[in-house]
Amino acid sequence: MSILVVGSVAIDSVKTPFGKRDEALGGSATYFSMAASFFNKVNIVATVGEDFPKKYIKLLRDRGIGTDGLLVKEGKTFRWEGKYEYDLNVAHTLATHLNVFKDFSPEIPEDLRDSEFVFLANIDPDLQDRVLNQVNKPKLIACDSMNHWITNKRRSLEKFLHKVDIFLLNDAEARQLSGEANLIKAAKAIVSKGPKAVV
């Protein structure tokens with residue numbers, strides 16, 4: 001029983017009212033993998049550049065995270081710079097450099113295609129759908145998204161939600177996707193679009 005996660009592995013530079021961190025390990029697939037590794041075996045599918053620090057690959061492996069699907073490509077790793085106010089639900093993007101992530105087209109290794117649990121971290125909903133077409137009947141499918149996809153790929157996202165068991169998003173994203181200010185109404189509106197549960 002293992003979890004397959006597909007998404008971004010990145011280098012982040014983040015400012016908050018509580019401090020600043022430059023060139024830190026980031027990415028939605030990274031955070032999910034680290035958290036899930038406390039409970040189960042996790043395999044990650046993502047792409048990084050040649051500049052990606054080896055210490056971060058070691059960190060993932062030391063947590064027992066499978067990195068056979070972590071492709072190192074010629075070029076630079078995806079980088080994100082952002083800041084948060086006291087409301088940590090809202091991120092302000094200062095800069096996004098997609099680099100090798102711009103051409104990320106997930107190919108699921110053959111030995112991971114029977115994964116029982118799939119988490120589709122924050123990537124283009126069309127790519128999330130493409131990943132599902134490569135996986136053999138998972139028991140549970142969860143996914144994440146963000147304001148960028150809600151704005152620019154709403155139709156693809158809403159179509160994809162019918163294939164998802166659990167959909168995760170923050171308060172601002174829930175309000176944006178549903179058009180509802182009240183979070184209970186927002187969750188109900190999103191569940192009506194297809195997922196069995198919204199977190």
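These legends walk through several close-up views of one predicted model.

**View 1. Four strands make an open sheet.**
Welcome to the sheet, where the strands follow the order E3-E2-E6-E7 and the pairing is mixed. At its edges are E3 and E7, each of which pairs on one side only. On average, neighbouring strands here are turned by 15 degrees against each other, direction ignored. For readers new to sheets, strands pair through backbone hydrogen bonds, either parallel or antiparallel.

**View 2**
In which sense do E2 and E6 pair? The two run in the parallel sense, and 5 bridges link E2 with strand E6, which spans residues 79–84. To find one of these spots, look for Ile11, whose bridge partner in E6 is Arg79.

**View 3. Helix H1 packs on the sheet.**
H1 covers residues 28–36 and touches both E2 and E3. Its direction makes about 85 degrees with that of E3. Which residues of H1 are buried? They are Ser28, Ala29, Thr30, Ser33 and Ala36. The cover over these buried residues includes strands E1 (2–6), E2, E3, E4 (41–49) and E9, together with helix H2 (54–62). A handy reminder while looking at a helix: an α-helix has 3.6 residues a turn, so residues three or four places apart point the same way.

**View 4. A nonpolar patch sits on the surface.**
Three residues come together here: Phe18, Tyr86 and Leu88, with about 410 Å² of accessible area together. Phe18 belongs to the loop that joins strand E2 (10–16) to strand E3 (19–26). Is Phe18 buried or exposed? Phe18 counts as exposed because its relative accessible area is 60%, and the cut-off for exposed is over 50%.

**View 5. Asn99 has a positive phi.**
The phi of Asn99 is near 50 degrees, a positive value in a residue other than glycine. You will find Asn99 in the loop between strand E7 (91–97) and strand E8 (117–120). With a relative accessibility of 33%, Asn99 is partly exposed.

**View 6. Lys137 also has a positive phi.**
Here the phi of Lys137 is near 45 degrees, and this residue too is other than glycine. Where does Lys137 lie? Look in the loop between helix H3 (125–132) and strand E9 (140–144). Lys137 counts as exposed, with 81% relative accessibility.

Notes:
Residues are numbered from 1 along each chain as its sequence is written. This is a predicted model: local features need pLDDT of at least 70, side-chain atom pairs count only at pLDDT 80 or more; totals for chains, interfaces and linings use all residues. Side-chain values use heavy atoms; hydrogens and water are left out. Patches are made of residues with over 30% relative accessible area and no salt bridge: like charges are joined within 9 Å, nonpolar side chains (Val, Leu, Ile, Met, Phe, Trp, Tyr) within 5 Å. Accessible areas come from the Shrake-Rupley method with a 1.4 Å probe; for residues, only the protein chains shown count as cover. A salt bridge is a side-chain nitrogen of Lys or Arg within 4 Å of a carboxyl oxygen of Asp or Glu. Buried means under 20% relative accessible area, exposed over 50%, partly exposed in between (1.4 Å probe, protein chains only). Two strands pair if DSSP finds at least two bridges between them. Axes are lines fitted to C-alpha atoms, for helices over the stretch in contact, and angles run from 0 to 180 degrees between N-to-C directions. Contact means heavy atoms within 4.5 Å.
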